[in-house]
Amino acid sequence: MRVWPMIPAMPASAAATTHQSAHAVLRLGRFAAMGTVAVLILIAGVWASWGTAQHVMLTKGREHGTVDVTRCGPDTCTGRYAPLSEGSQPRSRVVLEKSVAVRKGQTYTVVMKPGSDEAVRSGPAGVLYAWIPLGGALLLASVVVAGGLLRTRGAWVMALSGVALLTAAFVAV
C-alpha cells in the first residue's frame, strides 16, 4: 500500500483568489484575441475598398469622362472614353471592371486611374460601389464583436452600418 505525503490544504480564500485571477486572465486573453480579429477584419475591408475608393473620392487632378461600354468579357468591360475634364484625351479603348453595375450598351461617368487605361465609376454610385468590401467586413466583424467580445450593442451598430452601406450601393448601382 502506497502512502502519499500530506500536502497542506490551501485556505479557501486563497483558492478563490487563484480561481478569480485565472478567470480574469482568460477573459483578458479572449478580449485581446477577438478584438485583434475584429480590427484585422475591418482593416482588411478598408484596404480592399481603398484601392478603388481613392480614385473615386480624391479626384483632384484626375481625368474625368464617360465610357460607352461596347464589349464585356468574363472580368472586364471595354469601351470608348470621351473626356469631360481639361487635359484629358479621348481614348478608343478603356477597361472598366465588370460587375452587376456595368452593362454593355450603357454610358457611365468615370475617373481614369493615373498612368493606365483603367477606368473607375465615379459619382455616388462609384463611391458606394468602392466601399462594398468595407460593408462586408462590417457584417463579419459584427459577428466577432457580438460572439467573442460580448458587445451586442456595438455589434448591432456595426451590422446595421454594413447592411446600410450594402443596401445603398445596391440601390445606387
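**Exercise 1. Find which elements each supply at least two residues of the lining of the largest pocket, and describe that lining by class.**

Step 1. Strand 3 (91-97), strand 5 (118-121) and helix 2 each give at least two lining residues. Helices (H or I, at least four residues) and strands (E, at least two) are DSSP runs, numbered from the N terminus. The model is predicted: local features need pLDDT of at least 70, side-chain atom pairs count only at pLDDT 80 or more, and totals for chains, interfaces and linings use all residues. Residues are numbered from 1 along each chain as its sequence is written, and side-chain values use heavy atoms, without hydrogens and water.

Step 2. Strand 5 contributes the largest share, 4 residues.

Step 3. Take the volume: about 230 Å³. On a 1 Å grid over the protein atoms alone, a pocket is an open set of points where a 1.4 Å probe fits, with protein on both sides within 12 Å along at least five of seven lines; lining residues have an atom within 4 Å of a point.

Step 4. The lining has 16 residues; closest to the pocket centre are Thr52, Leu96, Glu97, Ala119 and Val120. By class, 8 are nonpolar, 4 polar and 4 charged. Gly counts as polar here.

**Exercise 2. Classify the aromatic pair Trp50 and Trp131 by the angle of their planes.**

Step 1. Ring centres must lie within 6.5 Å; planes under 30 degrees apart are stacked, over 60 edge-to-face, the rest tilted. This rule gives 1 aromatic pair.

Step 2. The centres of Trp50 and Trp131 are 6.2 Å apart and the planes stand at 45°, so the pair is tilted.

Step 3. Trp50 sits in helix 1 (residues 12-57), and Trp131 in the loop between helix 2 (123-130) and helix 3 (132-148), 81 residues apart.

Step 4. Buried means under 20% relative accessible area, exposed over 50%, partly exposed in between (1.4 Å probe, protein chains only). Trp50, at 36%, is partly exposed. Trp131, at 15%, is buried.

**Exercise 3. Why do the buried residues of helix 2 line one face?**

Step 1. List them: Ala125, Gly126 and Ala130.

Step 2. Down the helix 2 axis they fall within an arc of 130°, so they line one face. The arc is taken from directions from the helix axis to the C-beta atoms.

**Exercise 4. Locate Leu150 and decide whether it is buried or exposed.**

Step 1. Leu150 lies in the loop between helix 3 and helix 4 (152-172).

Step 2. Its phi is near 60°, a positive value in a residue other than glycine. Most residues other than glycine have a negative phi.

Step 3. Leu150 has a relative accessible area of 52%, so Leu150 is exposed.

Methods. Phe/Tyr/Trp six-rings, centres within 6.5 Å; stacked < 30°, edge-to-face > 60°. Points joined across faces, edges and corners; volume = space filled by probe spheres on them.
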